2 protein chains.
Amino acid sequence: MSRPSEDQLIARYLAPLATAPGADGLTDDAAVLPEGTGDLVVTKDMLVAGIHFFPDDPPGLVARKALRVNLSDLAAKGARPVGFLLGLGLPPDWTEDFLADFSAGLALDIAAFGCPLYGGDTVKMPGPLTLSVSAFGRASRTVRRNGAQPGDLIVVSGTIGDGALGLGARLAEREPGSAPDWLKLLAPEHRRALAGRYLLPEPRTGLAEAVAAHASAAMDISDGLAGDLAKLLKVSGVAGQVTLADIPVSDAARAALDLDPSLLTTMLTGGDDYEILATLAPAAWAAFKAAADAEGLPIAVIGEVSSGEGLEVIDAAGQSIPLGSGRFEHF
Amino acid sequence: MSRPSEDQLIARYLAPLATAPGADGLTDDAAVLPEGTGDLVVTKDMLVAGIHFFPDDPPGLVARKALRVNLSDLAAKGARPVGFLLGLGLPPDWTEDFLADFSAGLALDIAAFGCPLYGGDTVKMPGPLTLSVSAFGRASRTVRRNGAQPGDLIVVSGTIGDGALGLGARLAEREPGSAPDWLKLLAPEHRRALAGRYLLPEPRTGLAEAVAAHASAAMDISDGLAGDLAKLLKVSGVAGQVTLADIPVSDAARAALDLDPSLLTTMLTGGDDYEILATLAPAAWAAFKAAADAEGLPIAVIGEVSSGEGLEVIDAAGQSIPLGSGRFEHF
């Protein structure tokens, strides 16, 4: 098998992604980020095959997910993307086809989110494919997790629980025999929709300015709504009540829930939503909603912050739902 | 074996390294870099156990090397360190002792180089220990590889070849039976000095301002002087002549060369020097040398840039030394 050298690999597949002047076409050991106004926000997420994605996930989607989970962190802090660095650990059996698909996927999202490659490192990995993305953004105001105030509304973007159900759907695609009953009964288009949300999250970059302008606290939901909201409330020193019926749910997830109501816990505590969770003063809601509408992004009020501590999720009967540990544990 | 959770691990070992206000004690998903003047320079190097270091290298030195190779890139671009992000892929057998030693080592260099931790990600790695560092610096002027002009002097910091010989010395420490004759004959203090240079490079951060002020082109020497200089000359569209006798060599490397003159090729083409290679106009030399002296950092003129193409290294007999491919290939 003839494979390109490191220099060829970079020139052929990665340099075309480094279109910003400061990246110098990846011909140097370092890059210069553009000037800008506001906070320079930095974040890093690593993804490892077999842990954060399946080794047989399509390479283009793996690449896009690695970038998108970082863009999701930026958006939740109120930051628009500026660029990123890519650490790429290639396992012994990497192929040029893999790289071609990987870089083609990345090119799509670089264009879609206006977030060019600024550099990185490519190494031999005597282990699974490993991606380490450091992403940079600019925020007129960086929104932290710890600013929620009693009386604030609790809002989320998009729909909740698709990522966690999508992990199940993706598992069932790979090993149909292992599929639980609800997945066997679920309509194929719903199964595909859920698996698709797992494979390719939607970072809410379009909400970044609205978050910066209006949110008192924010984070992206990567480890489950229940656990992430509990965390935000705790560091803010406040309590929160969420109304279950107000949590937005996709058609596919609704169909799954109808087949198996016990999936609710998975949906509230599983990972991979990559939606924005924010708190804001009631007076700011109209402007926040208008900004989301202008971007065509769904946003919903799901509850309210109060003084005290702890998170309650209240069902239709007015009862508090038990959520166990409430948080997807990566580690 | 009881090991800390991800949150505990971060709180116990990594948060104490994140002392900058914008890092928010690693309690958030992103950090804010400080305001500053000049270019914001970014770089990333990944290090993988078994590829870039030995699995039994002391964890504190591994941590410091991972940071230092990035600081070396920054210095060669004329940039002072601002901070870094750390991606940490922990193999299945990681221990709390490992983390304690790793973070203690990192703390030393964070203090020594004024380069605090701003964030990162810690993941389970079903493979070797993997470190992915993204480092940020500020440069009054970012020096590229492609600015060398005919008539410029070629200068290097420190001494050349210790890293490559040190790799041999470190191999011999681990498998004494495999040691080549020169290492068996070399004085123990020289063996230790060489292994030490391999384990812990010296980024020339103190030269950053002088590089920014005076260099026409610069890079750090990570893949061997001969290959890296050939690369710099090529992208600058110029030729270069280096006088072998002018290349600075440590006492330990000199002793090794006396035992085995054929080591010269290894010293000129092996990796891991992490010295600065720069070109500058002759008129700038006095100021550059004075700046290096003020920092107590050794710097030497080893040759001259001319028009044309290619690199020649001339020995005492006036002959050009053959250097093979001339470059350490990582990949």
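Into which domains is chain A divided?

**View 1. The two domains of chain A.** This is a predicted model. Chain A is divided into domain 1, residues 6-139, and domain 2, residues 153-314. Their C-alpha centres lie 26 Å apart.

**View 2. Where domain 1 of chain A touches domain 2 of chain A.** Across this boundary, 19 residues of domain 1 are in contact with 18 residues of domain 2. On the domain 1 side, helix 2 and strand 3 of chain A are the elements that give two or more residues. Helix 2 of chain A supplies the largest share, ten residues. Sorted by class, the domain 1 side has ten nonpolar, two polar and seven charged residues.

**View 3. The length of helix 3 of chain A.** Helix 3 runs over residues 96-113 and has 18 residues. At 1.5 Å a residue, helix 3 should span 26 Å. The C-alpha atoms at its ends are 26 Å apart, so expectation and model agree. Just after helix 3, Gly114(A) takes a positive phi of about 60°.

View 4. Which residues of helix 3 are buried? They are Leu99(A), Phe102(A), Ser103(A), Gly105(A), Leu106(A), Asp109(A), Ile110(A) and Phe113(A). These residues cover an arc of only 160° around the axis, so they sit on the same side of helix 3. On the other side, Asp97(A) and Ala111(A) are exposed.

**View 5. What covers the buried residues of helix 3 of chain A.** The cover includes two helices of chain A, helix 1 (6-14) and helix 2 (59-76). It also includes strand 3 (80-90) and strand 4 (117-124) of chain A.

Conventions. Residues numbered from 1 in each chain as written. Chains lettered and ligands numbered in written order. Predicted model: local features only at pLDDT ≥ 70, side-chain atom pairs only at ≥ 80, totals over all residues. Helix = DSSP H or I, 4+ residues; strand = E, 2+ residues; numbered from the N terminus. Expected span 1.5 Å × (residues − 1). Buried ≥ 20, exposed ≤ 12 C-beta atoms within 10 Å, placed from the backbone. Arc of directions from axis to C-beta. Contact = placed C-beta atoms within 7 Å. Domains from an automatic or database assignment. Nonpolar A, V, L, I, M, F, W, Y, C, P; charged D, E, K, R; others polar.
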